[in-house]
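These are my notebook entries on a structure that I examined part by part. The model and its sequence come before the entries.

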Protein chains: 2
Amino acid sequence: MPRIVMKFGGTSMAGIERIRSVAGRVKREAEAGSEVLVVVSAMAGETDRLVQLCREAAALHDPREYDVVVASGEQVTAGLLAMTLQNMGLSARSFMGWQLIKASGVHGNARVEAIERSALDEALTAGEIAVIPGFQGVSHDGRVATLGRGGSDTSAVAIAAGIGADRCDIYTDVDGVYTTDPRIVPNARKLGQVTFEEMLELAGVGAKVLQTRSVGLAMREKLPLRVLSAFEDLPGTEIVAELGADMERNAIAGIAADRNEARITLTGIADRPGMVAAVITPLAEAGIAIDMIVHAATAGERRSDLTFTVPRPALAQATAVIEAQKATIGFETLMSDAAVAKVSIVGVGIRSNPALAARMFETLAERKINLLAVTTSEIKVSALVAENQAELAVRVLHSAFGLDAEKAA
Amino acid sequence: MPRIVMKFGGTSMAGIERIRSVAGRVKREAEAGSEVLVVVSAMAGETDRLVQLCREAAALHDPREYDVVVASGEQVTAGLLAMTLQNMGLSARSFMGWQLIKASGVHGNARVEAIERSALDEALTAGEIAVIPGFQGVSHDGRVATLGRGGSDTSAVAIAAGIGADRCDIYTDVDGVYTTDPRIVPNARKLGQVTFEEMLELAGVGAKVLQTRSVGLAMREKLPLRVLSAFEDLPGTEIVAELGADMERNAIAGIAADRNEARITLTGIADRPGMVAAVITPLAEAGIAIDMIVHAATAGERRSDLTFTVPRPALAQATAVIEAQKATIGFETLMSDAAVAKVSIVGVGIRSNPALAARMFETLAERKINLLAVTTSEIKVSALVAENQAELAVRVLHSAFGLDAEKAA
């Protein structure tokens with residue numbers, strides 16, 4: 001009998017009517033012949049309310065006491081969903097995090113370490129639906145530990161892996177993964193399937209459907225995921241290790257735009273070994289991660305330009321760090337620009353087809369969109385462009401790669 | 001080092017400002033050199049909100065899931081109080097009910113069975129203040145169990161007994177136990193001391209300061225209680241096994257009025273053995289408790305009257321039960337009256353001084369207050385009077401027994 005984990009976010013648990021609707025979905029899965037474990041979030045807004053109470057109580061508070069307070073939100077929804085399922089004639093019960101989820105790491109930001117399977121296995125094989133509060137477990141010192149804000153996708157995946165589930169379904173307020181942000185391209189198309197790697201790249205560049213950590217964990221555990229609407233009966237998106245053979249899908253899964261970067265260019269930099277390290281090391285020591293990096297050395301010249309991007313909120317700090325190292329690095333001028341965006345094409349097809357990158361650059365050139373930097377990986381090509389050209393870039397690429405909904409119909 | 005339990009109700013935990021004020025009181029006790037354990041209720045209104053959610057989810061719900069939902073309210077306040085105490089520079093931590101309170105009996109209405117003392121003892125002797133959510137523990141099947149609505153006084157007393165506390169202080173929204181209801185007698189006086197037995201009688205006849213069960217448990221465990229205001233710095237009332245020798249207090253602790261009774265009189269009842277049982281047994285089988293009972297047999301007559309009281313909400317049902325047994329019991333008429341009240345004098349002095357009962361009846365007779373029934377116990381004399389004479393009866397008795405505040409000053 002297939003064993004599945006269904007995870008519901010806070011919006012779908014906000015109030016008894018919505019919990020009843022969630023229970024209806026769970027019922028259908030159970031009656032279709034699956035063993036079902038449900039992971040629930042707190043009602044939308046509840047965790048924020050509890051966090052605010054902690055802040056009012058003490059600006060700096062003991063994370064162990066914080067955990068006790070904020071974990072209560074999911075405890076409530078788990079109990080309510082279990083009794084709602086029972087009221088529909090199903091056999092169901094809640095398990096608290098402290099009863100079976102062993103967590104490691106620091107309080108307030110712990111990770112699932114192990115699941116005590118025996119009681120769960122017993123319940124599931126007896127046909128009972130198990131309801132578990134997301135986002136929490138018990139620490140090594142026997143106290144309530146939460147898994148970090150927004151970590152409930154990851155805890156659902158960890159629980160699914162821990163109980164040997166065949167699939168983990170994430171019910172959320174979007175109905176799947178799209179070829180791009182539908183607010184930019186109204187005829188963006190929902191993907192039937194996407195690979196873990198593609199999903200990681202899409203998430204990394206701004207598609208906020210699932211937590212990156214949850215996708216990485218599912219990939220390692222070879223656990224298929226699905227993203228589905230909690231509110232409508234629509235097919236969602238499967239996230240899998242390899243695209244199905246019968247899946248006719250574009251080589252490009254989607255186009256992503258990320259506005260969270262800022263560019264720094266150092267001109268007239270001495271072209272010598274260790275020069276890039278001289279720039280990156282002080283930034284790393286300040287906790288600032290570099291994403292794109294382009295070293296444009298002109299043949300025959302002894303001095304060149306170095307362009308890289310940092311997270312936009314860290315731009316001022318990064319500029320200060322570099323200026324402080326001016327003598328060591330040896331550059332002429334520092335130019336920075338926050339009004340940039342990274343536009344990427346993502347797809348497993350890129351690996352085997354270099355023509356795709358070429359098509360991307362040609363398409364952008366036709367529209368006179370200037371490339372400030374370019375990086376490529378196995379399944380992604382990214383171009384840094386002026387922020388005011390980002391939406392145009394996404395639209396023309398979406399069209400050029402045959403992703404518009406009309407063409408797919 | 002004295003070890004004390006401080007219990008705070010929902011009104012004193014309603015919001016961060018009030019929790020801070022509670023923390024200030026706890027701090028003073030700790031700094032005065034006591035080992036302190038604090039038992040907290042949920043924020044006022046929170047348990048009602050959670051109960052309502054359960055009702056909406058399912059009219060008939062699994063008490064084990066109900067427990068999971070409603071127990072969350074006290075977990076939140078326990079965590080918040082612990083972090084507030086830490087923020088004041090004190091060493092403090094919360095313990096959840098499932099970590100140390102073993103509960104027995106049914107879910108939703110369990111009782112404290114045992115306290116796992118070792119972790120608590122360790123914390124307390126190390127100078128840590130322990131904060132425990134009231135009203136909950138862990139059941140034999142390892143799940144969250146709540147101790148029944150309003151049971152947090154009782155759970156505080158049980159915890160205090162379980163950890164060998166020297167005293168249990170109940171902080172509430174009244175500042176002590178009064179000689180009578182101050183809404184009836186504005187110059188009612190706060191008692192410095194009252195015995196367990198007096199408190200049980202005062203509670204049983206309507207003084208709602210503490211739960212009857214909590215007083216009974218403290219009496220069995222010989223655990224002194226104090227009732228104190230959570231909001232004002234006033235001396236409260238001590239509840240003790242015996243009044244202190246230096247305590248100059250009236251023989252009568254207080255006057256109570258109870259409007260929750262209704263009277264039934266059966267006239268012309270056959271005066272034969274087993275007659276009273278023939279009336280009481282069918283009522284007991286219907287779950288209706290009888291309080292006062294007066295069998296007025298007239299000498300030489302073969303028929304007599306039987307008067308008794310039942311809880312007012314059960315009057316209609318009791319009448320129906322008796323009418324159905326009319327042939328078996330054998331009575332002429334059934335008269336019932338809901339407009340009655342039971343007025344009692346309560347005090348350990350009654351045991352040794354029969355003149356006190358006589359003074360009560362004389363005082364009522366002087367005011368032409370008719371006695372519908374009378375019962376006496378070791379430390380209480382009760383008279384059933386017409387409801388519209390009850391307040392007058394309380395006032396004149398309060399005065400006659402020297403309880404008015406002016407005389408005490």
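This is a predicted model: local features need pLDDT of at least 70, side-chain atom pairs count only at pLDDT 80 or more; totals for chains, interfaces and linings use all residues.

**Entry 1: A:Val215 and its surroundings**

I looked up the contacts of A:Val215 first. Leaving aside neighbours within four places in sequence, A:Val215 is in contact with A:Phe196, A:Met199, A:Leu200, A:Ala203, A:Leu210 and A:Ile239. The residue itself belongs to helix H9 of chain A, residues 212-221. I counted 26 C-beta neighbours inside 10 Å, so A:Val215 is classed as buried, the threshold being 20 or more. I also took one distance: A:Thr84 is 131 residues from A:Val215 in sequence, and their C-alpha atoms are 30 Å apart in space.

For chain A the mean pLDDT is 90, and 95% of the residues reach 70 or more. For the complex, the predictor gives an ipTM of 0.80 and a pTM of 0.81.

**Entry 2: Relation of the two chains**

I superposed chain B on chain A: this takes a rotation of 180° with a shift of 0.1 Å along the axis, and the RMSD is 0.1 Å. I therefore record the relation as that of a two-fold axis. In chain B, the residue whose C-alpha comes closest to the rotation axis is B:Ser72, at 2.7 Å. The same surface serves both copies, since 100% of the contact residues of chain B recur in chain A.

**Entry 3: The contact between the chains**

How many residues does the contact take from each chain? I found 30 residues from chain B and 30 residues from chain A. On the side of chain B that touches chain A, at least two residues each are supplied by helix H1 (16-31), H2, H3, H4 and helix H5 (97-100) of chain B. H4(B) provides the largest share of that side, with 11 residues. By residue class, the side of chain B that touches chain A divides into 17 nonpolar, 10 polar and 3 charged residues.

**Entry 4: Two enclosed helices**

I turned to helix H3 of chain B, residues 63-70. The buried ones are B:Arg64, B:Glu65, B:Tyr66, B:Asp67, B:Val68, B:Val69 and B:Val70. Which elements do the buried residues of H3(B) pack against? In chain A they pack against helix H4 (72-87) and strand E3 (92-94), and in chain B against helix H2 (46-57), helix H4 (72-87) and strand E8 (144-146).

I then examined helix H7 of chain A, residues 152-162. Here 10 of the 11 residues are buried, so this helix too is largely enclosed by the rest of the structure. Among the buried residues of H7(A) are A:Ser152, A:Asp153, A:Val157, A:Ile159 and A:Gly162. Just after H7(A), A:Gly164 takes a positive phi of about 65°.

**Entry 5: A sheet in chain A and its helices**

I traced an open sheet of 4 strands in chain A, with the order E15-E16-E14-E17 and antiparallel pairing. Strand E15 (293-296) and strand E17 (333-337) of chain A stand at the edges with a single partner strand each, so one side of each has no neighbour in the sheet. On average, neighbouring strands of this sheet are turned by 15° against each other, direction ignored. E15(A) pairs with strand E16 (residues 303-311) of chain A over 4 bridges in the antiparallel sense. Within this region, A:His295 stands opposite A:Leu306 in E16(A).

Helix H10 of chain A (residues 275-285) packs on the sheet and touches strand E14 (261-270), E15 and E16 of chain A; its direction makes about 140° with that of E14(A). Helix H11 of chain A (residues 315-324) lies across E14, E16 and E17 of chain A and runs at about 175° to E17(A).

**Entry 6: Loop residues**

I checked A:Lys368, which sits in the loop between helix H13 (355-366) and strand E19 (373-377) of chain A. Its phi is near 60°, a positive value in a residue other than glycine. Most residues other than glycine have a negative phi. Is A:Lys368 buried or exposed? With 8 C-beta neighbours inside 10 Å, A:Lys368 counts as exposed. In chain B, phi of B:Lys368 is likewise near 60°, and B:Lys368 counts as exposed with 8 C-beta neighbours inside 10 Å.

With 17 C-beta neighbours inside 10 Å, B:Ala251 counts as partly exposed. Not counting residues up to four places away in sequence, B:Ala251 touches B:Gly347, B:Gly349, B:Asn353 and B:Leu356.

Terms used. Residues are numbered from 1 along each chain as its sequence is written. Chains are lettered from A and ligands numbered from 1 in the order in which they are written. pLDDT is the predictor's confidence in each residue, from 0 to 100. A residue is buried if 20 or more other C-beta atoms lie within 10 Å of its own, exposed if 12 or fewer, and partly exposed in between; C-beta atoms are placed from the backbone. Two residues are in contact if their C-beta atoms, placed from the backbone, lie within 7 Å. Copies are superposed by least squares on the C-alpha atoms of residues with pLDDT of at least 70 in both. Ala, Val, Leu, Ile, Met, Phe, Trp, Tyr, Cys and Pro count as nonpolar, Asp, Glu, Lys and Arg as charged, and the others, Gly among them, as polar. Two strands pair if DSSP finds at least two bridges between them. Axes are lines fitted to C-alpha atoms, for helices over the stretch in contact, and angles run from 0 to 180 degrees between N-to-C directions.
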